[in-house]
Amino acid sequence: MTDQTNPSVTTATPTARPRAASGGMLGLTKKDSTLMLIVFALVMLAPFILNPFPEGSAMAQFNAGYPDLMQRFVIFGIFAIGFNILFGLTGYLSFGHAAFLGVGSYAAIWSMKLVTLNVIPGIVMAIVIAGAFTLVVGFISLRRSGIYFSILTLAFAQMSYALAYSVLTPITGGETGLQIKNTDSPLFGGPTDGSIGRANLFGAEMGNSYELAVGSWLFTFNLGYYIAGVALLVAFYLSIRIFRSPFGIMLRAVKSNQQRMNYTGLTPKRYTLSAFVISGMYAGLAGGLMVAMDTQVGPERMFWTASGEVVIMTILGGAGTLMGPILGAGFIKYMENIVSKINKDILHEWFAFLPDGAEDVMVSIVYPFIGKGWHLTLGILFMLVVIFLPGGLVEGGQRIANKFRRNKTDG
Amino acid sequence: MGILTVKGVNKRFGGLQALGDVNLDVAENTCHAIIGPNGAGKSTLLNVLVGKLIPDSGSVVFDGQSVLGRQPHEINQMGISRVFQTPEIFADLTVMENMLIPCFAKRDGAFRMHAIQSTRHEGDMIEKAESMLDEVGMLDKRDMTASSMSRGDKRRLEMAMCLVQDPRLLLLDEPTAGMARADTENTIELLKTIRRERGITMAIIEHDMNVVFSLAERITVLAQGTPLVEDTPDNIKGHPKVREAYLGEAQV
């Protein structure tokens with residue numbers, strides 16, 4: 001958290017450096033511009049970065065550069081960035097954010113079923129409807145703070161899940177959820193030949209990919225991924241702006257001392273509600289993108305474990321930091337999709353160099369932590385981070401960087 | 001009639017009459033102290049003034065407007081700032097951010113979605129905050145996290161946060177409670193300077209007679225929720241009723 005405590009306020013004396021925007025771009029300080037550029041590069045080059053191992057090699061299973069997973073990285077990154085605006089800045093821990101993501105998804109799929117298969121209106125609808133829903137939930141939940149606020153949001157999310165699962169079946173499709181069907185006839189530009197419509201951007205389908213083979217490496221550039229990636233960049237940029245704005249200071253003031261805020265002529269509740277709605281709109285964007293990438297939605301998307309996941313992502317990466325949520329989301333999605341696929345046979349291959357007895361021992365020691373046991377690994381890592389690195393992975397990175405810096409000056 | 005007028009205020013907590021028919025008149029550009037033994041109702045009165053408590057009856061008028069039924073933030077926007085017994089600051093934020101918050105509150109009101117503007121482009125506000133920090137001698141601490149400062153500095157910061165809003169009335173709740181001798185002296189000096197240079201009207205609740213007699217121009221003595229006397233410090237010192245109710249305690 002330390003590096004984020006607004007260095008900008010403290011450096012620019014207006015008389016000495018009027019409008020000290022020099023060095024940065026898009027109205028950001030130099031440091032924030034660097035951060036923005038790093039994220040930009042990561043998003044744009046992800047198909048390369050995440051596919052470092054050649055096809056068919058033993059390490060190829062650690063490649064994460066396939067469209068489906070890359071899309072999940074950025075979508076959950078957006079979800080966590082938004083959650084962090086609420087939790088990281090105001091300290092209000094919502095346990096119901098998956099509901100807002102789910103509402104966004106339902107809004108997007110209805111937009112595609114009824115209006116157009118173009119993803120832009122769908123995503124816009126997702127943001128708007130999720131924002132409106134968050135406003136209602138926030139207005140009620142923010143009557144309480146602390147644990148009671150968390151419980152209220154959890155209750156709302158579970159109610160939403162239960163409603164989507166049963167009573168609201170005409171709108172949500174119940175247990176089976178909603179898909180685009182060949183019977184759907186959107187107002188604009190649906191398929192005329194009776195085939196199932198596909199999500200597109202002005203005709204270009206989300207599933208479109210360009211594959212680049214270099215030697216035995218294969219890199220996939222997927223249109224859907226890049227659309228989600230651009231959304232992440234916008235979401236991240238806005239989050240930097242919010243962190244560095246007077247509004248951002250007010251949100252941190254909410255976390256620090258609401259009593260002082262009241263006696264300073266401010267209404268902490270309205271600031272918190274705004275942060276809540278903004279983070280709900282981020283969740284809606286994530287939900288809308290999910291539908292744009294894969295045109296289906298089910299109620300399990302709103303289940304409370306999904307709400308818990310974004311909490312863990314944010315804390316693991318570093319709550320209240322800019323990069324933390326992205327790192328946390330990437331880390332957890334990588335583990336969920338890659339570590340979980342390692343099985344016993346692969347372990348035997350890895351430890352084949354050991355004598356037979358030792359090989360079996362090693363395999364049985366490691367086995368509980370991989371495959372279906374990846375949750376165990378994640379749980380242990382999460383505990384270690386909370387105990388030793390309260391600032392999350394970002395703090396870990398900073399400590400390592402500081403160590404290097406110190407060694408440099410010592411040497 | 002003064003800037004703050006309290007008339008016939010009553011407040012009961014169950015069987016306890018915390019405030020009984022309190023009348024108070026704080027004249028503009030004076031320092032008015034409210035003293036009294038423990039349980040005299042000083043804090044209750046203060047909480048009524050800032051909107052934290054609503055009295056059972058009576059009226060509180062500030063600058064021609066009733067404050068009763070208004071929220072604390074509305075009362076602050078009317079021009080009343082409060083310094084707490086234990087400094088209430090934004091401990092996790094830097095000193096500069098602590099100063100900017102009241103500046104924004106004064107300019108933008110109770111709420112504004114200034115989410116895209118950059119704080120470092122708020123030149124006027126930064127300048128205002130800096131000159132106030134300079135005035136209380138804390139400019140060199142502007143980048144410190146507020147929680148890492150000494151108690152005396154936190155008190156100083158809290159006062160600066162109140163003063164930067166140019167309040168019409170500054171309420172001080174035992175501003176030197178629990179302070180070391182030197183810090184108390186510093187605080188008295190600071191308050192004197194503020195009184196002299198800014199001419200801010202102050203109402204102060206205080207236990208420490210030294211503080212009261214070096215600052216106050218009028219003193220109201222409360223006992224068991226009712227004002228005993230209101231007079232100048234010199235007259236209060238020798239007043240028999242006051243000796244009985246307040247100073248007498250210690251002599252028996």
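Val6(B) stands opposite Val60(B) in β4(B). The model described here is predicted.

- Strands of a sheet pair through backbone hydrogen bonds, in either a parallel or an antiparallel arrangement.
- In chain B, four strands form an open sheet with antiparallel pairing, in the order β2-β1-β4-β5.
- The edges are taken by β2 (16–26) and β5 (65–66) of chain B; each has a single partner strand, so one side of each is left without a neighbour in the sheet.
- Five bridges join strand β1 (residues 4–13) of chain B to strand β4 (residues 57–62) of chain B in the antiparallel sense.

**The helix across the sheet**

- Helix α1 (residues 42–49) of chain B lies across β1, β2 and β4 of chain B, and runs at about 60 degrees to β2(B).

**The helix pair of chain A**

- In chain A, the axes of helix α12 (residues 304–317) and helix α13 (residues 324–337) come within 7 Å and cross at roughly 120 degrees.
- Because of this angle, α12(A) is oblique to α13(A).
- The crossing of α12(A) and α13(A) is right-handed.
- Residues of α12(A) making the contact include Glu309(A), Ile312(A), Met313(A) and Leu316(A), while those of α13(A) include Pro325(A), Ile326(A), Leu327(A) and Phe331(A).
- By class, the contact of α12(A) with α13(A) comprises nine nonpolar, four polar and one charged residues.

Definitions and conventions. Residues are numbered from 1 along each chain as its sequence is written. Chains are lettered from A and ligands numbered from 1 in the order in which they are written. This is a predicted model: local features need pLDDT of at least 70, side-chain atom pairs count only at pLDDT 80 or more; totals for chains, interfaces and linings use all residues. Axes are lines fitted to C-alpha atoms, for helices over the stretch in contact, and angles run from 0 to 180 degrees between N-to-C directions. Helices (H or I, at least four residues) and strands (E, at least two) are DSSP runs, numbered from the N terminus. Angles under 35 degrees count as roughly parallel, over 145 as roughly antiparallel, 65 to 115 as roughly perpendicular and the rest as oblique. A crossing is left-handed if the near helix is turned anticlockwise from the far one by less than a right angle, and right-handed if clockwise. Two residues are in contact if their C-beta atoms, placed from the backbone, lie within 7 Å. Ala, Val, Leu, Ile, Met, Phe, Trp, Tyr, Cys and Pro count as nonpolar, Asp, Glu, Lys and Arg as charged, and the others, Gly among them, as polar. Two strands pair if DSSP finds at least two bridges between them.
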